[in-house]
Amino acid sequence: MWTGGVAGWSYFHSNTTMDWRSARQWCRDHHTDMVAIQDQQEIAHLNKSLPWQPTYYYWIGIRKVDNVWTWVGTNKSLTDEATNWATGEPNNNGGRINEDCVEMYIQRKREAGTWNDISCFKSNIALCYAAACKKDSCVKGECVEMINSHKCEQGVHDDILTACTPAVCGLGSAAESAAGSAVGGFGAGSAAGSATGASGAGSAAGSATGGSAAGGSGFACNYTCNEGYEHQGLLTTECTQSGQWSSPPPTCTVVHCEELSRPGHGTLECQHPLGDWSFVEPCTGALGPRGPTARGPGFGPTTA
């Protein structure tokens, strides 16, 4: 059952009760994981949105790990801003039994929205979430789920933008613009570079799109081969968050024509600057020992 969230976390709960371990597995099988609460705003949202249950409460995704209260989905310790224990909790039931899991009092008349440590074997309702964060949600920093959105939290080293080797797009450095000059390979923007194939060198033009900086994550290079050349490989590559290009640049190889036959009692002379029987290759033929020079298909001058 969906209980909230628009562009961020969506919350779900089971319609049956189960112990804590089974509840977590149910959440992971059907959604993302058990709820890991960020702050008091989220607690208030859940208490308002979830239905009141007369007999049972809701499991949340926190339990003791090495005697530290830990959110199991994120493996992060409980922070002060998210803490919401009921009065006198957690108390481990006075030490009489292990109370290593946590239930949340939803819409209870007294201390609604607060938590109680309880035995993990008790039956309660599973409270789950479906994540909004995707692999590409943040160019830099860690994606943190919010109620109606997500945010990107930057760490100590996250001010350095993930960047790919710019030469793949024909850029001399990541600081050059998309219209920079080509450097050994393909052009970026309006620049043109050369591509070497098995039988000749072709010219390729590339354009660069996306990303917050040339060569940064989300930056894409699009390639085209000149007339008379065909590409080998993908025509688009993108800089991923790992700092690696999604595919290597393509190569442009010259188009080849069928080999011409020497005419009977004549000669055939061809030039092969780009390889045998390649694009814009001129051929000239002659008929007989003293006949006129023949021009046309099969004799030349013609182009392959």
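Predicted model: local features only at pLDDT ≥ 70, side-chain atom pairs only at ≥ 80, totals over all residues.
Q: Which residue does the side chain of K122 meet in a salt bridge?
A: Here's the general idea: side chains of opposite charge can pair when their charged atoms come close. To count as a salt bridge, a side-chain nitrogen of Lys or Arg has to be within 4 Å of a carboxyl oxygen of Asp or Glu. K122 meets E103 this way, at 2.8 Å from N to O. The two sit in distant parts of the chain, 19 residues apart, with E103 in strand β6 and K122 in the loop between β7 and β8. E103 is buried, at a relative accessible area of 2%.

Q: How many salt bridges does the structure hold?
A: Four. Among them is the one between R24 and D33, at 3.0 Å from N to O, and both of those residues are buried. Another joins D100 to K64, whose closest N and O atoms are 3.6 Å apart. D100 lies in the loop between β5 (76-77) and β6, and K64 in strand β3, so this pair ties together parts that are 36 residues apart in sequence.

Q: You keep naming strands. How many helices and strands does the chain have?
A: Two helices and 19 strands. These are DSSP runs numbered from the N terminus: helices are H or I with at least four residues, and strands are E with at least two.

Q: Which residues are on each side of β6?
A: In a regular strand the side chains alternate between the two faces of the sheet. In β6, C101 and E103 are on one side, V102 and M104 are on the other, and all of them are buried.

Q: What pairs with β6?
A: Two strands pair if DSSP finds at least two bridges between them. β3 and β6 run antiparallel over three bridges, with Y58 opposite M104. β6 and β7 are antiparallel too, joined by four bridges, and there V102 faces D117.

Q: And which strands pair with β8?
A: Strand β1 (residues 10-18) runs antiparallel to β8 over six bridges, and S10 has A130 as its bridge partner. Strand β2 (residues 33-34) is also antiparallel to β8, with two bridges; here D33 partners Y129. Strand β3 (residues 58-65) pairs with β8 in the parallel sense over two bridges, and W59 partners A126. As for β8 itself (residues 124-130), six of its seven residues are buried.

Q: How do I read an aromatic pair, and how many are there?
A: A pair of aromatic rings is described by the distance of the centres and the angle of the planes. Rings of Phe, Tyr and Trp (its six-membered ring) pair if their centres lie within 6.5 Å; planes under 30 degrees apart count as stacked, over 60 as edge-to-face and the rest as tilted. The structure holds four such pairs. One of them, W71 with W115, is edge-to-face, at 5.8 Å centre to centre and 90° between the planes. W71 lies in strand β4 (residues 68-71) and W115 in strand β7 (residues 115-118), so the pair ties together parts that are 44 residues apart in sequence. W71 and W115 are both buried, and along with W69 and W85 they form one aromatic cluster.

Q: Which residues touch the most other members of the largest nonpolar core?
A: A nonpolar core is a set of buried Ala, Val, Leu, Ile, Met, Phe, Trp, Tyr and Cys residues joined through side-chain atoms within 4.5 Å. The largest one has 22 residues, and I37, L46, I60, W71, L78, M104 and W115 touch the most other members. α2 (40-49), β3, β4, β6 (101-104) and β8 each supply at least two residues. There is also a second, separate core of 12 residues, which includes M18, C101, C120 and A126.

Notes
Residues numbered from 1 in each chain as written. Heavy atoms only, no water. Buried < 20%, exposed > 50% of the residue type's maximum accessible area, 1.4 Å probe, protein only.
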